[in-house]
Amino acid sequence: MARTGPASASARRRRALFRSAGVRFALVYAVVFGLSAFVLAVALWYSTLGLLQHQVQNAIHNDAQTLLEHQEIGGLPSLEEAVQDRLTSSSDEDGIYLLMSATGQILTGNLDHWPAGLTRDNVWYELPVTRRGVSSVALLNVQQLPGGMKLLVGRDMQARLELRDVLRAGLIWALSLMIALGVMGALLIRSLFRRTIKDISATTSAIARGDISRRVPVSGVGDEFDELAVTINEMLDRIARLMDGVRQVSNAIAHDLRTPVTRARARLEDAALHASTKDEMQAAIDRATLDLDGIVAVFEALLRISEIEVGSRRAAFACIDLTPVLTDMDELYRAVAEEKQIVLHTEIETPLPVWADRDLIQQAVVNLLDNSLKFSESLTVISFTAKVVDGMVQIVVADRGPGIAEQDRLRATERFFRGEAARSTQGSGLGLALVLAVAQLHNGTLHLQDNHPGLRAVITIPVYKD
Amino acid sequence: MRILVVEDDKDVAGFVLKGLREAGHTVEHADNGRDGLFLSASENFDAIILDRMLPGGIDGLRLLETLRGQDNTTPVLFLSALGQVDDRVKGLKAGGDDYLTKPFAFAELLARVEALTRRGKSDGPATRLLVGDLEMDLLSRSVRRGAQKIDLQPREFRLLEYLMRHAGQVVTRTMLLEGVWDYHFDPQTNVIDVHISRLRQKVDKPFDTSLLHTVRNAGYMLRAEDI
């Protein structure tokens, strides 16, 4: 640990630099940009020079053909005359002509001597020449004439060579400029990348330290990073809600389960201390068992709600028609309602296709019906309807009971919340919490409304479309 | 009946064993998965009560999968503290015939185990069910008691059919909810009691003797008076 020399430290820093995603992205950008610029330059270079070369070759070829035609038609004098004509007319200052006899004597032309190395016919040469004492470079082509004579036609390339130099210099400049721009772009990308990532990593590490209220700032540009930020924030909101739920549950367990546990314990202790007959003991044990069953039921309801809120039950989702499901429920509860002399007024549309977990929907609706039956007086009406409204399946259970006071309505879906009217009745205060959790799991809502008088509970779930 | 209980918790196992013996069954006990697998594979039982989480390297699921892999079809009831829906589904998929979550009432366990063994024996394509003078024809879907025809709603028919198939056994409210309505949760209101009382009005009320009995702290039982 103490033996970390400066060399290894700098090596580590270098490695860390290449491990940075920002640097990697920037490098990739620079390399891709540089390569494409290089390819562009090379392509420009070769196509420009190639085109020039080609044009010159064409001109030389055409010129030579014309001269050969002169020779064919008018013989040597005509050819010499045509060459002389070209030399004097100076239509093309770069034109190079040389007519040589079979013995190697120059008959006419503007070159001082036959260029060295020019040995084969009808092949393109690029050779140094001297024209009237001035040396230069020329593109040359030799045609064999009858009688051993040779005609050399060419073009002076000096100007074009200069052009090539200019072009090369230009391209080199442009290329270096491009590389500089590429590096700058890469650095820019890296800093952009870093800044965005820094926001996200600052937020997440703050959350890791325990500050769940932090959110990733959204720039508002609407780019991919914004999308990512929004997604992350949504995720964080959901986690915060879940954590809130867990906190609520632990608080609730601490407060609300203490009561029945205390009651059961008191009964057992009382019986142990004071029960004088076997029957009294038996009765105390029976009641304590019932209390414990009640506690277990509360536990199960709590676990079920958390299970639903976590969303782990989506595996059981399927496309189902709610009509038979709700009709069954109507049949199950109609008997109970009649027993209590309550009129159950049911209207269920058909079909009601939804993407849902059948068990959960049943349980949610059963909770609403249970509630309504519990709080309804005899000879009142409970209305149970289900229909499609604006692309949503709407399940309504409305009773004429005491309802929920307006200030309590929002809190009625909290775990263990019990309204004024419910205090004196049996129940755990978990029923509506479960209904809400089920509705939300199905991307739906639960609304509690005033039924003037009574409670009107409305579950909405999106209609399933293929 | 000969029942194997594979359960590692001493108190729970003792309670279950005692209860089953009192109900007249012969009981064997294993307190870990290895012994449980050995016993269940080497001897014949009418039913196995199996804990999910067991010591000894083989848990309840593994034990059952191994057993089913050997074409052993002994009815198995899972008894588990793992009560989530997924756990239940896993247990039934592995070849379990029923699933009961801890904590449980002994009456519920007993009723379910007895229902399992009955199901194992007489799942033949019966077309006629008979309990005392009550007769159900499953083909014409008609019910008569003695000479008198009884008219039942479809759901009442299914309720009575379930009770008749388990005649002489205790049937709990949860079993009825699951078996007749296919509901896997407990409503707060006494829905089952209401439906049973309606069924009674039709099946028992007009006659001298009653067949449908309430078993305190447990559920219901359909049985002829003379048994």
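This is a predicted model: local features need pLDDT of at least 70, side-chain atom pairs count only at pLDDT 80 or more; totals for chains, interfaces and linings use all residues.
Of the 466 residues in chain A, 38% are buried, where buried means under 20% relative accessible area with a 1.4 Å probe, protein chains only. In chain B, buried residues account for 52% of 227. Residues are numbered from 1 along each chain as its sequence is written, chains are lettered from A and ligands numbered from 1 in the order in which they are written, and side-chain values use heavy atoms, with hydrogens and water left out.

Let me stay with the individual chains for a moment. Chain A has 10 helices and 12 strands, and chain B has eight helices and 12 strands; these are DSSP runs, helices being H or I of at least four residues and strands E of at least two, numbered from the N terminus. Chain A exposes about 26600 Å², 59% of it from carbon and sulfur atoms, by the Shrake-Rupley method with a 1.4 Å probe. The corresponding share in chain B is 56%.

I turn now to the interface. Here 20 residues of chain B are in contact with 24 residues of chain A. The two chains bury about 2100 Å² between them, with 51% on carbon and sulfur atoms; this is the accessible area (1.4 Å probe) that the two parts lose on being put together, summed over both. Within chain B, the residues losing the most area to chain A are B:Y183, B:F185 and B:Q188, together 27% of what that side buries.

As to charged pairs, the rule finds five salt bridges across the interface, each requiring a side-chain nitrogen of Lys or Arg within 4 Å of a carboxyl oxygen of Asp or Glu. One salt bridge joins the side chains of B:R216 and A:D286, at 3.8 Å from N to O.

Which elements of chain B each supply at least two residues of the side that touches chain A? They are α4 (85–93) and α8 (191–203). The largest share, five residues, comes from α8(B).

Key
Contact means heavy atoms within 4.5 Å. Buried means under 20% relative accessible area, exposed over 50%, partly exposed in between (1.4 Å probe, protein chains only).
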